[in-house]
Each structure stands twice: as structure tokens, then as C-alpha cells.
Amino acid sequence: MRIFITGITGFLGRSLAAHLRAGQHDARGSTHCAAKVHMLEGILHSSVHYRFGQLIPAEMFGSSDSVVHCAHDDSAGNLELNVTSTLQLVNAAETAGVAHQVFVSSHSARADAPTIYGQTKYAIEKIFVDRGLTVIRPGLIVGPGGLFERNVQSILRFPFLPLPERGKAPVILIALEDLLTSLTVVLEQRLSGSFNLFCSNPPEMSRFVRAICNCMGMKRAIVPIPPGWINPIINAWEGLAGSLPPELQRIRTMRLNMTNAIHKTDLPHFVPEPLELEKMVLKACAGLGVVKRRQVS
């Protein structure tokens with residue numbers, strides 16, 4: 001297959017490209033960061049320089065069998081840019097004759113999403129669903145990059161780790177390799193519809209953090225924050241600033257997941273035996289080069 005991946009030099013984009021190439025598929029894609037193309041040397045068939053808001057290059061999707069939309073602009077206030085640019089890419093791919101398109105959304109995508117990220121993903125989802133295209137909703141991707149890497153960096157930086165909801169909030173996650181396996185099935189079988197991809201039994205935040213600390217051989221003091229302390233902080237910040245920083249937005253999302261989970265996982269249909277928490281964290285930390293102690297065989 002010839003698979004075109006938008007945002008191919010991002011964490012998921014380059015991981016998917018390598019996985020597809022190992023399966024003898026032809027990976028190509030677009031990126032706004034040409035300097036990172038060298039990371040895919042020997043993996044990438046071809047690349048196109050493209051940034052949201054620019055004119056889409058002619059023949060960008062030519063001869064592609066499927067398109068996986070991974071590109072996302074994280075800049076503040078870019079909800080409309082993400083939505084309109086993704087729609088333009090969908091239209092260009094359809095014009096080029098690409099019959100199968102997959103949008104990488106998020107578990108946080110929902111009508112009542114408290115974050116701009118979740119709102120953006122939900123708005124784009126509607127485009128794909130209305131056209132009968134494919135949507136996947138992964139949880140937090142546990143692998144050597146992305147939000148997981150930022151979590152590890154936070155643990156390395158701070159000796160104390162305050163956890164909201166007393167650390168009992170569920171972490172909706174999926175191992176990188178389980179996501180790549182699922183995505184490959186979706187592409188090879190040209191599946192359409194919406195698929196929720198995350199572990200059936202989400203671990204509590206405290207267990208997730210301890211698993212990371214264990215792999216790094218580091219001790220961190222976990223400070224459980226009672227639920228009653230969080231709401232006043234969030235409300236006061238929002239009242240004064242008008243918007244919440246990403247950290248408080250994520251806390252609000254976690255609280256929403258605890259009280260009103262709307263997605264049920266489809267992962268067992270693709271991966272009968274997903275990686276257990278400790279093993280997926282160990283692999284991810286190893287990929288980041290921060291493993292100090294192995295307690296998982």
C-alpha cells in the first residue's frame with residue numbers, strides 16, 4: 001500500500017511511517033519542518049513541505065491508496081485553522097481519487113470538551129463522520145515522544161508530584177505499538193467508521209506515575225490533592241484570566257472522564273492482548289533512554 005501521512009515528522013507520524021515501512025508498505029507524507037525529514041532516512045518514500053494555511057501542492061496525494069491525517073497545529077487560538085486546513089486536505093485527497101482517509105482524533109474529543117484541543121478534534125471528527133470516512137480516538141500514547149515524554153520530563157524536573165483527585169483519576173492510554181498495530185489493520189482492511197483505541201481498564205494516575213518513576217529508578221513524593229481543592233483554583237483562574245493553561249485544562253478533562261465517560265474501547269478487536277501498564281511504560285522509557293532499573297521481565 002501507498003500511505004500518505006500528514007504531519008509525518010511528528011511523534012505519531014514518524015512512528016507510523018517506520019511501522020508501515022517494516023510491513024513493506026510505502027510511506028510518504030507532508031511536514032512543515034523539513035529539517036526533521038532526515039529522521040526518516042531509509043523509511044520515507046517521499047515528502048512534501050506543507051504548513052496549515054498554505055496552498056496545497058499540486059499532486060500532493062497522487063497515487064496514494066490512503067491518507068492518515070496526523071497533522072495538528074498546537075499554537076494558541078488555532079482551532080479554526082486546524083479545522084479549515086484539515087477540510088481542505090480532505091477535499092484535495094478526494095479530488096486526487098484517494099478513497100480511504102483516516103483522521104487521528106483523541107479520546108478527549110467530545111461535544112462538551114473543556115479543552116481547545118478536544119473541541120478542535122471533535123469539530124474535525126464531524127467532517128469525517130459526515131463523509132463516511134474513518135476516525136480513530138486513541139488515549140494517551142505511551143511511547144518515546146509526545147505527551148508521555150512531557151510527563152517524564154515533569155517527573156524528572158520536580159521532586160514533588162501533586163496529583164488531582166487524590167491520584168485516583170483514570171489515565172486513558174494505549175501503548176504505541178498497540179496503536180500502530182490497530183492503525184495498520186484499519187489501513188490494510190480499509191475499515192470505515194469510528195474506533196476508540198485505549199486500554200479496557202485504565203490505571204489510576206498514581207499507579208501510572210509510580211510505574212514511570214520505577215522505570216527511571218527515581219523516588220518522587222506524590223502529593224494527593226483532594227477534589228475540593230481543585231474547583232476553586234480552576235474557577236478563580238478562569239475568572240481572572242478568561243482561559244485555563246494546558247495543565248488545568250487536562251485536570252478538568254480528567255474530572256470529566258471520571259464522571260461522564262462517553263467512549264467505549266474497541267482495542268480488543270484489534271489487539272487481543274494489549275501491553276500491560278508496566279511493560280508499555282518500560283518500553284517507552286527505554287526509547288527515551290531514561291530506564292535505570294528493570295523490574296518488568
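Contact means heavy atoms within 4.5 Å of each other. The model is predicted, so local features need pLDDT of at least 70 and side-chain atom pairs count only at pLDDT 80 or more, whereas totals for chains, interfaces and linings use all residues. Residues are numbered from 1 along each chain as its sequence is written, and side-chain values use heavy atoms, with hydrogens and water left out.

**View 1. Surroundings of Arg 220.** Apart from its neighbours within four places in sequence, Arg 220 is in contact with Ile 155, Leu 156, Phe 158, Pro 159, Leu 161 and Cys 213. Arg 220 is found in the loop between H6 and strand S11 (221–224). Helices (H or I, at least four residues) and strands (E, at least two) are DSSP runs, numbered from the N terminus. Val 209 is eleven residues from Arg 220 in sequence, and the C-alpha atoms of the two are 9.2 Å apart in space.

**View 2. The open sheet.** Seven strands make up the sheet, in the order S3-S2-S1-S4-S5-S6-S10, and the pairing is parallel. Two strands pair if DSSP finds at least two bridges between them. Strand S3 (44–49) and strand S10 (193–197) are at the edges with a single partner strand each, so one side of each is left without a neighbour in the sheet. From one strand to the next, the twist averages 20°.

**View 3. Strands S4 and S5, with helix H1.** Strand S4 (residues 66–69) pairs with strand S5 (residues 100–104) in the parallel sense over four bridges. Ser 66 is placed opposite His 100 in S5. Helix H1 (residues 11–22) packs on the sheet and touches strand S1 (2–6), strand S2 (26–31), S4 and S5. The direction of H1 makes about 170° with that of S1. Axes are lines fitted to C-alpha atoms, for helices over the stretch in contact, and angles run from 0 to 180 degrees between N-to-C directions.

**View 4. The salt bridge of Asp 65 and Arg 2.** A salt bridge is a side-chain nitrogen of Lys or Arg within 4 Å of a carboxyl oxygen of Asp or Glu. By this rule the count is eight salt bridges. One of these joins the side chains of Asp 65 and Arg 2 at 3.3 Å, N to O. The pair links distant parts of the chain, with Asp 65 in the loop between S3 and S4 and Arg 2 in strand S1, 63 residues apart.

**View 5. Packing of H1 and H5.** H1 and helix H5 (residues 176–188) pack at an angle of about 65°, and their axes are 10 Å apart. The contact includes Phe 11, Leu 12 and Ser 15 of H1 and Leu 176, Leu 179 and Leu 180 of H5. By class, the residues of this contact are nine nonpolar, four polar and no charged. Ala, Val, Leu, Ile, Met, Phe, Trp, Tyr, Cys and Pro count as nonpolar, Asp, Glu, Lys and Arg as charged, and the others, Gly among them, as polar.

**View 6. Packing of H4 and H10.** The axes of helix H4 (residues 146–157) and H10 are 11 Å apart, at an angle of about 80°. H4 and H10 are therefore roughly perpendicular to each other; angles under 35 degrees count as roughly parallel, over 145 as roughly antiparallel, 65 to 115 as roughly perpendicular and the rest as oblique. Phe 148, Glu 149 and Val 152 of H4 meet Val 281, Ala 284, Cys 285 and Leu 288 of H10 in the contact.
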